[in-house]
Amino acid sequence: MRLFVITGLIFILGVTPALAGEEKVITLSEIPQTVMNALTKRFESATLLSANTETEEDGSMVYEIQGKLSDGHLAEFDIFPDGSIEEVEVIFPVEMVPGAVLKALQKKMAGFVPSKIEATHSASMKVVGYEFEGTLSGQKIDLEVSADGRTITVADQ
């Protein structure tokens, strides 16, 4: 009986976390019309490139659609099946990141060298944070930084 309970717990604990963050590549034609309508209404001139679905930690699903904005910036549009926009991530060059954010990052993580920067936007396209990928002391590191630079956390480690 004890072995059955332990096996059950391992199964539950092993399967549940595996679902969180699970991605499945899909074709653009597999995106539901509700999601496409929300995307084209808000970003009518975006060029769509690829798509996938992701299961969130709470079990909900989101469509992640990669594309290019009219200004040429690469972006990812995260949209729930009901058409509500979760967030939009835009790849930024370092020159577009506010000086205060860069200064705070260098103060807290001296020597960090970014290789990729994404600005995370709300549905209204207000920047709500930044995701930095790069290296620190020769080690790959991902950082999440608040829009004002006051909060810096190590992510995905």
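**Group meeting: aromatic pairs and the sheet**

A search of the whole structure finds four aromatic pairs. A pair here means rings of Phe, Tyr or Trp (its six-membered ring) with centres within 6.5 Å; planes under 30 degrees apart count as stacked, over 60 as edge-to-face, and the rest as tilted.

Before the details, the ground rules. This is a predicted model: local features need pLDDT of at least 70, side-chain atom pairs count only at pLDDT 80 or more, and totals for chains, interfaces and linings use all residues. Residues are numbered from 1 along each chain as its sequence is written, and side-chain values use heavy atoms, with hydrogens and water left out.

Now one pair. Phe43 and Phe77 have ring centres 4.8 Å apart and planes at 45°, so the pair is tilted. The pair links distant parts of the chain. Phe43 sits in the loop between α2 and β2, Phe77 in strand β4, 34 residues apart.

Are these two buried or exposed? Phe43 has 10% relative accessibility, so Phe43 counts as buried. Phe77 is at 1% and also counts as buried. The cut-offs: buried is under 20% relative accessible area, exposed is over 50%, partly exposed is in between, with a 1.4 Å probe and protein chains only. Across the chain of 157 residues, 35% count as buried.

Arg42 lies over the face of Phe43, 5.1 Å from the ring centre. That call needs NZ of Lys or CZ of Arg within 6 Å of the ring centre and within 35 degrees of the ring normal.

Elsewhere, Phe92, Phe112, Tyr130 and Phe132 form one aromatic cluster.

On to the fold. The chain has three helices and nine strands. Those are DSSP runs, numbered from the N terminus: helices are H or I with at least four residues, strands are E with at least two. The order from the N terminus is α-β-α-β-β-β-β-α-β-β-β-β.

The nine strands make an open sheet, in the order β1-β2-β3-β4-β5-β6-β7-β8-β9, with antiparallel pairing. Strands pair if DSSP finds at least two bridges between them. β1 (23-26) and β9 (152-155) stand at the edges with a single partner strand each, so one side of each has no neighbour in the sheet.

Strand β3 (residues 61-68) pairs with β4 (residues 74-79) in the antiparallel sense, over six bridges. Lys68 has Leu74 in β4 as its bridge partner.
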